[in-house]
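Biologist: Could you take me through the terms used for this fold? I'd like each label set against its definition.

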Amino acid sequence: MRELNIDKTNLKAAYKEIEKLNPKPGASFSNSEEGIAYITPDFILEVENDDLKVILNNNKTKRLKSSEYYKHMLSELEKKQGDKEAIAFLKDKLEGANWFSNALIQREHTLLSTMNCIVELQADFFKTGNERLLNPMKLKDIAQKIHLDISTISRVTNSKYIETPYGTFLLKDFFSDAFSKTDGTTISNKVVKTHLKELI
């Protein structure tokens, strides 16, 4: 205020004018009543030299563990040979909590195994970001490599995204059929589509 010789009256008038303005003026041109859905990637790919590292983007999720309070309560009841119904109830609930926690750990392991396998099979693309280097790849290829069912791989890759230095991609985009070239080698249909785009 001192530098620009602005007095309090002018500043208050400016505030009042600014408060009348719409902070999102472009929103009035949109027909959609729904908000914009932003993509939060499930995986983050870090590329250092030729090394590819996949990180599960779960920094906002806290590790689940059973309540120490209820564990202590169960221990005390067992020592005193207390109410059998209460002991059975607590045991059942704590076992259920442990099972759920282990299931989440297993899910993370499956997600990372699947993503690491995709990165390994599509390493040339992930190192360069060049779509022409995408290899033909099917759910079956991943399933065989990491010894899981195709339906599991389908579930794991469904609606999941990976953030790379070249952009954020839907995992399903890395799967494609193979076309045989005249020399007997195979090429991904994604590469064929890229060539067609360029020609058009």
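Biologist: What makes Y70, K71, M73, L74, L77 and E78 in α2 a contact with α3?

Modeller: In this predicted model they meet A86, I87, L90, K91 and L94 of α3, and contact means heavy atoms within 4.5 Å. Both count as helices because helices are DSSP runs of H or I with at least four residues, numbered from the N terminus. Local features need pLDDT of at least 70, side-chain atom pairs count only at pLDDT 80 or more, and totals for chains, interfaces and linings use all residues. Residues are numbered from 1 along each chain as its sequence is written, and side-chain values use heavy atoms, leaving out hydrogens and water.

Biologist: How do the axes of α2 (68-79) and α3 (84-121) cross?

Modeller: They come within 10 Å and cross at roughly 145 degrees. Those axes are lines fitted to C-alpha atoms over the stretch in contact, with angles from 0 to 180 degrees between N-to-C directions.

Biologist: What makes β1 and β2 a pair?

Modeller: Pairing takes at least two DSSP bridges, and strands are E runs of at least two residues. Six bridges join β1 (43-48) to β2 (51-56), so the antiparallel two qualify as paired. F43 has L56 as its bridge partner, and E48 stands opposite D51. Two residues separate the strands of this hairpin, and N49 in the turn has a positive phi of about 55 degrees.

Biologist: Why are β2 and β4 at the edges?

Modeller: The open sheet runs β2-β1-β3-β4, with mixed pairing. β2 and β4 (167-170) each have a single partner strand, so one side of each lacks a neighbour in the sheet.
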